[in-house]
Amino acid sequence: MIITLLRLSIHSLKNRILTVGVTIFAIALGVFLLLSVEKIRSEAKQNFTDTISGTDLVVGARSGSIQLLLYSVFRLGNPTSNVSWKSYQSFAQSKDVAWTIPISLGDSHRGFRVLGTTEDYFKHYRFGRKQAIQFGAGKPFKDVFDAVLGADITKKLGYKLGQKIILSHGIGEVKGPDHADKPFRITGILAKTGTPLDRTIHISLKGMEALHIDWRSGAPIPGIKVSAEEVRQLELEPKSITSFLVGLKSKLSIFKVQRRINQYKKEPLMAVLPGVALQELWDLMSTAEIAFSIISTLVVAISL
């Protein structure tokens with residue numbers, strides 16, 4: 001009896017081979033979509049989390065915590081204002097602070113962000129499971145016009161150590177005015193990290209200041225031209241930075257330092273915990289995540 005039913009079933013399937021094929025394909029597609037959405041969701045969340053590690057606070061001008069995190073860590077968006085150098089030094093020299101990493105944004109090169117910082121960036125910045133930044137080739141910047149490139153930039157643009165590049169004013173794919181009179185030399189190439197570091201050009205804070213020494217309000221000052229050699233002789237202490245990262249001596253002092261920064265009276269500043277801001281960002285994206293999951297489930301249900 002069972003053998004007879006099995007033969008009849010096989011015979012029936014052969015007579016409806018197109019319908020059966022379409023049905024199997026639809027079910028497989030629905031299951032694949034459902035699993036893909038879950039895979040993308042988990043990997044995206046992990047990649048977001050792995051971007052920064054071991055940093056206790058991210059500090060910038062008062063705005064939204066997500067906005068501060070996006071431009072300081074993910075190189076997305078623009079700051080509402082800057083942090084004065086005097087305020088930065090005030091908190092950097094605090095007895096509770098173990099280290100700080102200043103960040104200055106504003107320029108780009110062929111669509112890639114330029115980040116001005118200090119050598120402490122390479123010493124203290126951590127990603128993933130507290131992994132330190134490694135150099136695939138070369139070394140950190142020493143001269144005012146040295147640059148360290150992320151792995152993706154060198155792969156896409158084919159740059160090599162010792163090559164000179166010209167940075168552009170402004171951020172984004174639309175090319176702004178060039179700083180053609182002050183080219184930078186590539187002295188280092190970072191190892192692949194799978195984070196925004198791979199798509200960032202790193203220069204010194206002095207280099208960022210040197211680029212704009214003869215600029216005002218986003219344009220060159222008419223009649224004033226300071227050469228690269230003349231710039232090296234100048235005092236290049238920045239007047240302001242975009243934001244800064246903070247590592248504390250004790251985790252117990254996180255909320256005390258955060259409150260002190262948020263209540264700072266000399267200028268409106270904001271300090272956020274990276275983990276909390278990341279969770280807020282993920283909660284913001286949860287609506288789209290739920291929508292994709294519902295669509296995938298419906299595709300499977302309709303296929304069945």
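These are my notebook entries on what I looked up in a predicted model of one chain.

**Ground rules**

I number residues from 1 along each chain as its sequence is written. In this predicted model, local features need pLDDT of at least 70 and side-chain atom pairs count only at pLDDT 80 or more, while totals for chains, interfaces and linings use all residues; side-chain values use heavy atoms, with hydrogens and water left out.

**Entry 1: the whole chain**

I looked up the secondary structure and found ten helices and 17 strands. Helices (H or I, at least four residues) and strands (E, at least two) are DSSP runs, numbered from the N terminus. I then looked up the radius of gyration, which is 26 Å; the globule rule gives 19 Å for 304 residues, so the chain is more spread out than a compact globule. That radius is taken over C-alpha atoms, and the rule is 2.2 Å times the number of residues to the power 0.38. Along the principal axes, the C-alpha atoms fill a box of roughly 95 × 45 × 35 Å.

Of the 304 residues, 43% are buried. I use buried for under 20% relative accessible area, exposed for over 50%, and partly exposed for in between (1.4 Å probe, protein chains only). I also noted that 75% of the contacts with a separation of 6 or more join residues 24 or more positions apart. A contact means heavy atoms within 4.5 Å.

For charge, I found 39 positive and 25 negative side chains, with the centres of the two sets 6 Å apart. Lys and Arg count as positive, Asp and Glu as negative, and His and the chain ends are not counted. Each charge is placed at NZ of Lys, CZ of Arg, CG of Asp or CD of Glu.

**Entry 2: helix H9**

Which residues of H9 are buried? I found Ile254, Val257, Gln258 and Ile261. They cover an arc of only 100 degrees around the axis, which puts them on the same side of H9. The arc is that of the directions from the helix axis to the C-beta atoms. An α-helix has 3.6 residues a turn, so residues three or four places apart point the same way. The cover over the buried residues of H9 includes strand S1 (57–61), helix H4 (85–92), strand S16 (243–248) and strand S17 (269–272).

Arg260 is also in H9, which runs over residues 254–262. I found Arg260 partly exposed, at 33% relative accessibility. Leaving aside neighbours within four places in sequence, Arg260 is in contact with Phe91, Ser94 and Asp96. Its C-alpha atom is 9.6 Å from that of Met270, ten residues apart along the chain.

**Entry 3: Ile153**

I found Ile153 in helix H6 (residues 151–157). Is Ile153 buried or exposed? Ile153 is buried, at 0% relative accessibility. Not counting residues up to four places away in sequence, the residues that Ile153 touches include Phe112, Tyr159 and Asp198.

**Entry 4: two loop residues with positive phi**

Most residues other than glycine have a negative phi. Arg110 has a positive phi of about 50 degrees, although it is not a glycine. Arg110 sits in the loop between strand S3 (97–109) and strand S4 (112–117), and is exposed at 56% relative accessibility.

Lys130 has a positive phi near 55 degrees. I found Lys130 in the loop between strand S5 (126–127) and strand S6 (131–132). Lys130 is exposed, with a relative accessible area of 58%.
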